[in-house]
Amino acid sequence: MPVTIPEGQVYLDNASTSFPKPEVVADAIAKAVRIVGLTTGRGTYFCEINPDDITVKVRRMLARLINVDNPRRIIFTYSATDSINLVLFGALGEGDHMLISPLEHHAVSRAVHYLRETRGVAFDVMPADSDGRIIPERIAEVVKPNTRLACISHISNVAGTVQPLIDIGAELKRLNVPFMVDASQSAGCHAIDVQAMNLDVVAAPGHKSLLGLPGSGVLYLGERLKPAPLRVGGTGVKSELYHLPPELPVYYESGTPNVLGIIALEASLGFIFEQTIGAFEERCRKLCGRMLSALQELPGVSIVGPTDPAIRAPVISFNVEGFSPKELSELLADKYHIAHRGGLHCAPMAHEFFGTTEYGGAVRVSPAFLTPDEEVEYFCDVMEEVTADLA
Ligand SMILES: Cc1ncc(COP(=O)(O)O)c(C=O)c1O
């Protein structure tokens, strides 16, 4: 029997941005825009919402989420790209060298190519196994005396590969190389522990698994790196100075922040703590296992990256014999109303690593904690229908 196609969409594109958001997030946003002027450090508030207090609170919540002692080291940015750019462009210059993983998103890979072309910053890719997981004991092979930073995407936005950050962090500490993690696909749904993992920098967007809004980003900056600021301007404090106040976090927060984004994070982080990160991890592992086993049983389907749910997240890219990713993508969207993403996913390095560049990438589906089970089952049924003739 053919699958029944829903009138609305089935949302399997959480790797792009999370949907749905928790109800408390929608409520908090709607309430805030109605009753308060959205700025911080610059205004006076005569209502029950005080953005200054919320900003302080959200810094503390984020510090708790990733086990940081000093919340002043949590900096609000406008996206993960913004956080990553701040560190790369602020800290690296002529003669420096850095390390990256083979699975980086363009937020890192374009930035390092740009830095190489414009500033002569060199980079090498750390050795990895066939799943794209860095091999800690081989990192020393690519470290140089001028290696200033290693940057790794915690969870690949193509293959879902989860990097073994504890072991990598221990090795980078031994080698005295500062460690930056792009937590775009992990912050909010996967445990991150700055102290246990020896992390110097964590970058994350507010709109993915932190369940907040686009235009909000987060940066944890440890003591070892002191990047120059990317933006210089008003901070709302110490207006008598013609230079930036040197203290964190204002040194890196010139300009009116995305207050609505911060208010959304207060609500979404509250939801995440209430549910617990352990519950997020467990549900993601379950969804991942269900989708992988369904896809593996189908004829003509090849999955990109690891097939063991223990070392991957439910960011699942795949190809189907006889379809280009573009054709399959159009079919899933136009006929079956499945929101997903096809192509190279802003991560051509990862597709090159897994040998999918020549096909034009792959089709990616990415359920998350709030994805209803029925939507996952619908996808599995659709894929059975799509591949029926290949048997
Ligand atoms: C691994 C990874 N890094 C960085 C980014 C960039 O995030 P943003 O566009 O929110 O800056 C993404 C977004 O897809 C991502 O998946």
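**Entry 1: helix H2**

I began with H2, whose 15 residues reach 20 Å from the first C-alpha to the last, close to the 21 Å expected at 1.5 Å a residue. For the expected span I took 1.5 Å times one less than the number of residues. Helices here are DSSP runs (H or I, at least four residues) and strands likewise (E, at least two), numbered from the N terminus.

Before going on, a note to myself: this is a predicted model, where local features need pLDDT of at least 70 and side-chain atom pairs count only at pLDDT 80 or more, while totals for chains, interfaces and linings use all residues. Residues are numbered from 1 along each chain as its sequence is written.

Which residues of H2 are buried? I found Pro51, Ile54, Thr55, Val58, Arg59, Leu62 and Leu65. Seen down the axis of H2, the buried residues fall within an arc of 140°, so they line one face of the helix. By buried I mean that 20 or more other C-beta atoms lie within 10 Å of the residue's own; exposed means 12 or fewer, and partly exposed is in between, with C-beta atoms placed from the backbone. The arc is that of the directions from the helix axis to the C-beta atoms. A reminder that helps here: an α-helix has 3.6 residues a turn, so residues three or four places apart point the same way.

The face of H2 turned away from the buried side carries the exposed residues Asp53 and Arg64. On the buried side, the residues of H2 pack against S2, S8 and H6; contact is taken as C-beta atoms, placed from the backbone, within 7 Å.

**Entry 2: positive phi**

Just after H2 I stopped at asparagine 67, which takes a positive phi of about 60° although it is not a glycine. Asparagine 67 lies in the loop between helix H2 (51-65) and strand S2 (74-77). Asparagine 67 counts as partly exposed because 15 other C-beta atoms lie within 10 Å.

Histidine 345 is another residue other than glycine with a positive phi, near 55°. I placed histidine 345 in the loop between strand S12 (341-343) and helix H9 (348-354). Is histidine 345 buried or exposed? Histidine 345 is buried, with 22 other C-beta atoms within 10 Å.

**Entry 3: helix H5**

In H5 (residues 165-174) I listed Leu165, Ile168, Gly169, Glu171 and Leu172 as buried. They cover an arc of only 165° around the axis, which puts them on the same side of H5. These buried residues pack against strand S5 (147-153) and strand S6 (179-182). Just after H5, asparagine 176 has a positive phi of about 60°.

I then checked H1 (residues 23-35): at 1.5 Å a residue its 13 residues should span 18 Å, and the end C-alpha atoms are 19 Å apart, which agrees. Val25, Ala28 and Ala32 are buried in H1. They cover an arc of only 65° around the axis, which puts them on the same side of H1. What covers them includes helix H6 (259-275). The face turned away carries the exposed residues Glu23, Asp27, Ala30, Val33 and Arg34.

In the loop between strand S1 (10-11) and H1 sits proline 20, and the peptide bond from phenylalanine 19 to proline 20 is cis, with omega near 0°. I noted another cis bond from leucine 248 to proline 249, again with omega near 0°. Proline 249 is in the loop between strand S8 (217-221) and H6.

**Entry 4: the cores**

How many residues does the largest nonpolar core have? I read 70, and those with the most contacts inside it are Met98, Ala150, Val181, Val201, Val202, Ala203 and Tyr220. The largest share of this core, eight residues, comes from H6. A second, separate core of 42 residues includes Val304, Ala347, Phe379 and Val386. A nonpolar core is a set of buried Ala, Val, Leu, Ile, Met, Phe, Trp, Tyr and Cys residues joined through C-beta atoms within 7 Å.

I followed up alanine 203: not counting residues up to four places away in sequence, alanine 203 touches Ala80, Ser83, Ile84, Met180, Asp182, Ala183 and Leu219.

**Entry 5: valine 108**

Valine 108 is in helix H4 (residues 106-119) and is buried, with 28 other C-beta atoms within 10 Å. Leaving aside neighbours within four places in sequence, valine 108 is in contact with Ile84, Ile100, Cys151 and Asp182.

Technical notes
Contact = placed C-beta atoms within 7 Å.
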